[in-house]
Amino acid sequence: MIDTDRLIVRPWRDADRAPFAAMNLDEAVRRYLGPPQSRAESDAAVDRMIASQAEHGCCFWAVERRDNGAFLGFCGIKPGRWPIEGLPEIGWRLARAYWRQGYAREAAAACLDWAWAARDWPHVYAITVPANRASWGLMERLGMDRLADGDFDHPGVPDGSPLKRHLTYRIGRPA
């Protein structure tokens, strides 16, 4: 669906479920997301992405390496939730073996290019927790700006959790 020099960003396949579930059991991957997920929880997330693709024509798509077909994780754009309900949200998550190799930036930049070419959205948003420097650092490298009034307490995170507070970033359509 979206090709880069090293990656293919594409719809989910049943074969993605096992490596995605393994990724979601990794505590390092889940550090800023919440506890590791069971296979059933991971499969339900894939099902939600497939449903988003069917309903909206986009989701957090599967990402694979072009040279060997390895499943790296996901990156894409889907309708957001709190506090960006219904607005386009970009997101990514890669297996730990693929961190710090430029894959997330390559996939995210390609997804933004897709958004500007395929949709008439004036902005794309992203959210993360303040402690996730890698994520908000990538947002900034992509040209996203933190919204001064966009910090919020995530309603799906228990009170007292260090993951409760979130930041909101936004990028506008290029001129």
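Begin by selecting Trp-12, Ile-90, Trp-92 and Val-124, which touch the most other members of the 48-residue largest nonpolar core (buried Ala, Val, Leu, Ile, Met, Phe, Trp, Tyr and Cys residues joined through side-chain atoms within 4.5 Å; buried means under 20% relative accessible area, with a 1.4 Å probe and protein chains only).

The model is predicted: local features need pLDDT of at least 70, side-chain atom pairs count only at pLDDT 80 or more, and totals for chains, interfaces and linings use all residues. Residues are numbered from 1 along each chain as its sequence is written, and side-chain values use heavy atoms, without hydrogens and water.

Next, select helix 2 (residues 39-56). Its buried residues are Ser-42, Asp-43, Ala-45, Val-46, Met-49 and Ser-52. Their cover includes helix 1 (17-24), strand 3 (60-65) and strand 4 (71-79). Gly-57, which follows helix 2, has a positive phi near 80°.

Then display the aromatic rings: the structure holds eight aromatic pairs (ring centres of Phe, Tyr and Trp, the last by its six-membered ring, within 6.5 Å; planes under 30 degrees apart are stacked, over 60 edge-to-face, the rest tilted). Phe-20 and Phe-74 form a tilted pair, 6.0 Å centre to centre with 55° between the planes. Phe-20 lies in helix 1 and Phe-74 in strand 4, so this pair ties together parts 54 residues apart in sequence.

Key. Buried means under 20% relative accessible area, exposed over 50%, partly exposed in between (1.4 Å probe, protein chains only). Helices (H or I, at least four residues) and strands (E, at least two) are DSSP runs, numbered from the N terminus. Contact means heavy atoms within 4.5 Å.
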